[in-house]
Each structure stands twice: as C-alpha cells, then as structure tokens.
Amino acid sequence: GTANAIDATGTATAAQVASGYITSTSAAATTITLPTGTLLGAAVSATQGTVLDLFIDNTAGANTVTIAVATNGVLSTGAVDAAAAAGTFGDLTVASGATGLARFTIMFSSATAYVFTRTA
C-alpha cells in the first residue's frame with residue numbers, strides 16, 4: 001500500500017491503517033494508537049472474519065515505535081501473553097534501524113471490533 005508517515009505520538013486514521021503501511025522517522029519514542037473498531041471497520045467494510053495486515057516501517061527512525069489499540073480493539077492472547085518479552089510474537093514495539101520492520105494482523109470479530117497481534 002501507499003506509505004503513510006506517522007512521526008509523532010498520536011492516533012492513526014482509519015485510512016492510514018487500511019492502507020496497510022505506516023512509516024515512522026521520529027527521533028523520539030512514538031506511540032501509534034490504532035483507530036476504534038467502528039472507524040476501522042467502516043473504512044474496510046469489515047464483517048466477522050475480515051483480516052487486514054498492517055506493516056510498520058521504522059527503519060529510518062531513531063527511536064522505538066509502540067502500537068496501542070483503541071476502543072473495540074482487543075489484543076490477542078498471543079499479544080497479551082508475550083507482551084513483556086521484546087522480540088516475541090506478541091511484542092507491540094518496533095525497534096528503529098535495520099531491524100525496524102514489523103507486521104501486525106488485525107482480525108475482525110464483527111463489523112466494529114477487532115483482535116490485534118504481531119505476526120512478524
């Protein structure tokens with residue numbers, strides 16, 4: 001998809017997430033909060049079973065990017081169980097530099113609610 005830059009802590013728009021590709025070049029630690037399940041579901045015409053991959057590219061950044069969910073966004077069991085272990089399946093942070101790439105999967109349980117986890 002088209003790259004969407006998010007270089008400061010804030011909430012990503014539904015369109016940015018629906019594009020599937022977000023970049024960050026921030027020198028400061030950045031938290032990107034996903035849109036609500038209602039907004040994201042409407043942007044992708046979600047139904048139960050809709051799946052969306054989201055790639056975060058922090059290779060040009062100089063600090064960590066952390067992903068957070070909003071209302072009607074639920075962390076998967078994998079994300080909750082492994083969130084404390086950096087570099088694991090559930091890790092919600094993306095390092096900066098050469099290893100600063102991550103893929104997250106968003107799975108809709110309804111038109112307005114999603115489950116979120118890191119998958120690469």
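Modeller: Helices (H or I, at least four residues) and strands (E, at least two) are taken here as DSSP runs, numbered from the N terminus. Please bear in mind that this is a predicted model.

Colleague: On that basis, what pattern does the protein follow along the sequence?

Modeller: The protein contains 3 helices and 10 strands. Read in sequence order, they give the pattern β-β-α-β-β-α-β-β-β-α-β-β-β.

Colleague: Which radius of gyration does the protein have, and does it agree or disagree with that of a compact globule?

Modeller: The C-alpha atoms fill a box of roughly 35 × 30 × 20 Å along the principal axes. For 120 residues, a compact globule would have a radius of gyration near 14 Å, and the value for the protein agrees with this: 13 Å.

Colleague: Which strands stand at the edges of the 4-strand sheet?

Modeller: The 4 strands form an open sheet of mixed pairing in the order S2-S4-S6-S8. Each edge strand has a single partner strand, so one side of each is left without a neighbour in the sheet; these strands are S2 (10-11) and S8 (93-94).

Colleague: In S6, which residue is the bridge partner of Thr33?

Modeller: S4 (residues 30-33) and S6 pair in the parallel sense over 4 bridges. The bridge partner of Thr33 in S6 is Ala68.

Colleague: Which element gives the most to the largest nonpolar core?

Modeller: The core has 23 residues, and those with the most contacts inside it are Val17, Phe104 and Ile106. Two or more residues come from each of helix H1 (14-19), S5, strand S6 (65-68), S9 and S10. The element that gives the most, with 4 residues, is S9.

Colleague: Leaving aside its neighbours within four places in sequence, with which residues is Val17 in contact?

Modeller: Val17 is one of the residues with the most contacts inside the core. With those neighbours left aside, the contacts of Val17 are Ala12, Ile22, Leu34, Pro35, Leu40, Leu52, Leu54 and Ile106.

Colleague: Why does the pair of Phe104 and Phe116 count as stacked?

Modeller: The structure holds 2 aromatic pairs. In this one the ring centres are 5.0 Å apart, and the pair is stacked because planes under 30 degrees apart count as such. The pair links distant parts of the chain, with Phe104 in S9 and Phe116 in S10 (residues 113-118), 12 residues apart. Both Phe104 and Phe116 are buried, and the angle between their planes is 15°.

Colleague: Is Ala102 buried or exposed?

Modeller: Ala102 lies in S9. Beyond its neighbours within four places in sequence, Ala102 is in contact with Leu54, Phe55, Ile56, Val94, Arg118 and Ala120. Its relative accessibility is 4%, and residues under 20% count as buried, so Ala102 is buried.

Colleague: What phi does Ser45 have?

Modeller: Most residues other than glycine have a negative phi. Ser45 is found in the loop between helix H2 (37-43) and S5, and is exposed, with a relative accessible area of 61%. Although Ser45 is not a glycine, its phi is positive, at about 50°.

Colleague: Where is Asn72 found?

Modeller: Asn72, a residue other than glycine, has a positive phi near 65°. At 35% relative accessibility, Asn72 counts as partly exposed. Asn72 is found in the loop between S6 and S7.

Methods:
Residues numbered from 1 in each chain as written. Predicted model: local features only at pLDDT ≥ 70, side-chain atom pairs only at ≥ 80, totals over all residues. Heavy atoms only, no water. Buried < 20%, exposed > 50% of the residue type's maximum accessible area, 1.4 Å probe, protein only. Contact = heavy atoms within 4.5 Å. Rg over C-alpha atoms; globule rule 2.2 N^0.38 Å. Phe/Tyr/Trp six-rings, centres within 6.5 Å; stacked < 30°, edge-to-face > 60°. Core = buried A, V, L, I, M, F, W, Y, C linked by side-chain atoms within 4.5 Å. Pairing = 2+ DSSP bridges.
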